[in-house]
Amino acid sequence: MRWFKDKDFLRDKVPMSKEEVRFITSALLEIKEGDKILDIGTGTGSMSCQFAELGADVYGIESKDLAYWLTLKNFENLGLKGKFVKGFAPEDLDNLGENYYDKVFIGGSRGRLEELFVYLDKNLKNRGILIGNFISLDNLSEFRHLLKKNSYSDISCRLVQVSKEDKLGLMRGENPIYIIKGVKND
């Protein structure tokens, strides 16, 4: 099994979850071989690639042309398999041909978190794990509210901020990321 580095991915101008965030998110999802994972807002596909490398059956959706292409190209370059559609969640998720997931990761919601929770009520299995990664407090707050409103349990939140040494030996901070997790209950 590989743990992918940021340099392993084609990126262009599409935002990408950095390796430390991928590692923490993957661990919190408690991925097991054969888990069906839905990635909403795949971006470069870096999260989906890590999930697939850990043994999950990955399904994803991305609305932006360049990001969708990068997801497909990164999967191809890394020799991974997944099923992806270009479209908007939740209305285009049926095009994936799967309707029942063990885990769901939300990397981009396009302001439609409430609609996504309606979809997840029917399509995320009981005791399934849901994780959202956000950079804004507004999205974090809304997601947390929806987890509580929809009776998710084991709600936890982490703020991950990573700094890396640059060529001059100075520490350069990455954007802080909120990682929030909940477990679906009946």
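In this predicted model, seven strands form an open sheet with mixed pairing, in the order β3-β2-β1-β4-β5-β9-β6. The edge positions belong to β3 (83-86) and β6 (153-160); each has a single partner strand, so one side of each is left without a neighbour in the sheet. On average, neighbouring strands are turned by 15° against each other, direction ignored.

Within this sheet, β4 and β5 pair in the parallel sense, and five bridges join them. Across this pairing, F105 stands opposite I131 of β5. Strands of a sheet pair through backbone hydrogen bonds, in either a parallel or an antiparallel sense.

The residue ranges of several elements are as follows.

| Element | Residues |
|---|---|
| Helix α2 | 46-53 |
| Helix α3 | 65-77 |
| Strand β2 | 57-62 |
| Strand β4 | 101-106 |
| Strand β5 | 124-134 |

Helix α3 lies across β2 and β3, and runs at about 165° to β3.

Helix α2 is mostly covered, with eight of its eight residues buried. These buried residues are S46, M47, S48, C49, Q50, F51, A52 and E53; the set therefore falls under the cut-off of 20% relative accessible area. Just after α2, G55 adopts a positive phi of about 105°.

Why can L10 be described as partly exposed? Its relative accessible area is 34%, and partly exposed residues lie between the 20% limit for buried and the 50% limit for exposed.

How values were computed
Residues are numbered from 1 along each chain as its sequence is written. This is a predicted model: local features need pLDDT of at least 70, side-chain atom pairs count only at pLDDT 80 or more; totals for chains, interfaces and linings use all residues. Side-chain values use heavy atoms; hydrogens and water are left out. Buried means under 20% relative accessible area, exposed over 50%, partly exposed in between (1.4 Å probe, protein chains only). Helices (H or I, at least four residues) and strands (E, at least two) are DSSP runs, numbered from the N terminus. Two strands pair if DSSP finds at least two bridges between them. Axes are lines fitted to C-alpha atoms, for helices over the stretch in contact, and angles run from 0 to 180 degrees between N-to-C directions. Contact means heavy atoms within 4.5 Å.
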